[in-house]
Amino acid sequence: MAEHTSSSITIEAAPADVMAVIADFARYPDWTGEVKEAEILATDDRGRAEQVRLVMDAGAIKDDQTLGYTWTGDHEVSWTLVKSQMLRSLDGSYLLKPVGADATEVTYRLTVDVKIPMLGMIKRKAEKVIIDRALAGLKTRVESGEK
């Protein structure tokens with residue numbers, strides 16, 4: 001298995017509130033920074049996204065990608081790359097763990113493999129930047145109370 005990068009953050013909200021923001025792909029351009037467009041292509045029998053097209057602009061890396069999502073209960077979602085212009089693979093997940101009465105520890109794991117040659121340590125650093133930005137944006141979005 002490829003090396004992954006992970007990081008965690010505590011968000012002052014219940015897991016259901018955090019997952020509601022994670023699952024609202026249409027609003028990703030409002031809080032993620034890198035996602036410019038998000039379109040749900042397929043949903044499961046509970047109405048959760050199973051396949052999402054994302055148009056990304058992370059400075060030097062611009063991509064139009066489709067990700068497949070798997071929901072495990074109400075506290076975990078993982079994704080894998082279906083197609084992309086720039087990436088060979090992309091696997092990630094959010095795992096939510098209740099902390100106390102009204103807080104959630106969110107762990108984000110990510111493994112990215114680009115089609116262009118890149119040193120492993122540079123790849124890990126890029127993954128870390130992506131994770132840290134995503135967690136900070138998620139925390140701000142959830143704690144602001146915006147849905």
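What you see is a predicted model, where local features need pLDDT of at least 70, side-chain atom pairs count only at pLDDT 80 or more, and totals for chains, interfaces and linings use all residues. Residues are numbered from 1 along each chain as its sequence is written, and side-chain values use heavy atoms, leaving out hydrogens and water.

**View 1**
Helices (H or I, at least four residues) and strands (E, at least two) are DSSP runs, numbered from the N terminus. Starting at that end, the order is β-α-α-β-β-β-β-β-β-α. Of the 147 residues, 38% count as buried.

**View 2. Helix α1 has buried residues on one side.**
This helix covers residues 15-23, and Pro15, Val18, Met19, Val21 and Ile22 in it are buried. They span an arc of only 155° around the axis, so they sit on the same side of α1. That arc is taken from the directions from the helix axis to the C-beta atoms.

**View 3. Strands β2 and β3 make a hairpin.**
β2 (residues 35-43) and β3 (residues 49-58) run antiparallel, joined by seven bridges. Two strands count as paired if DSSP finds at least two bridges between them. Look for Glu37, which stands opposite Val55 in β3. Five residues lie between the two strands, and Gly47 in the turn has a positive phi of about 85°.

**View 4. Arg53 has salt bridges with Glu39 and with Asp64.**
A salt bridge here means a side-chain nitrogen of Lys or Arg within 4 Å of a carboxyl oxygen of Asp or Glu. For Arg53 and Asp64, the closest N and O atoms are 2.9 Å apart. Asp64 is in strand β4 and Arg53 in strand β3, so this pair ties together parts that are 11 residues apart in sequence. With Glu39, the closest N and O atoms are 3.4 Å apart. Arg53 is partly exposed at 23% relative accessible area, and Glu39 is partly exposed too, at 38%. Glu37, Glu39, Arg53 and Asp64 are linked in a network of salt bridges.

**View 5. Two loops meet through Arg46 and Asp74.**
Their side chains form a salt bridge (3.1 Å, N to O). Arg46 is in the loop between β2 and β3, while Asp74 is in the loop between β4 (61-72) and β5 (76-83), 28 residues apart. Arg46 is exposed at 54% relative accessible area, whereas Asp74 is partly exposed at 47%.

Key. Buried < 20%, exposed > 50% of the residue type's maximum accessible area, 1.4 Å probe, protein only.
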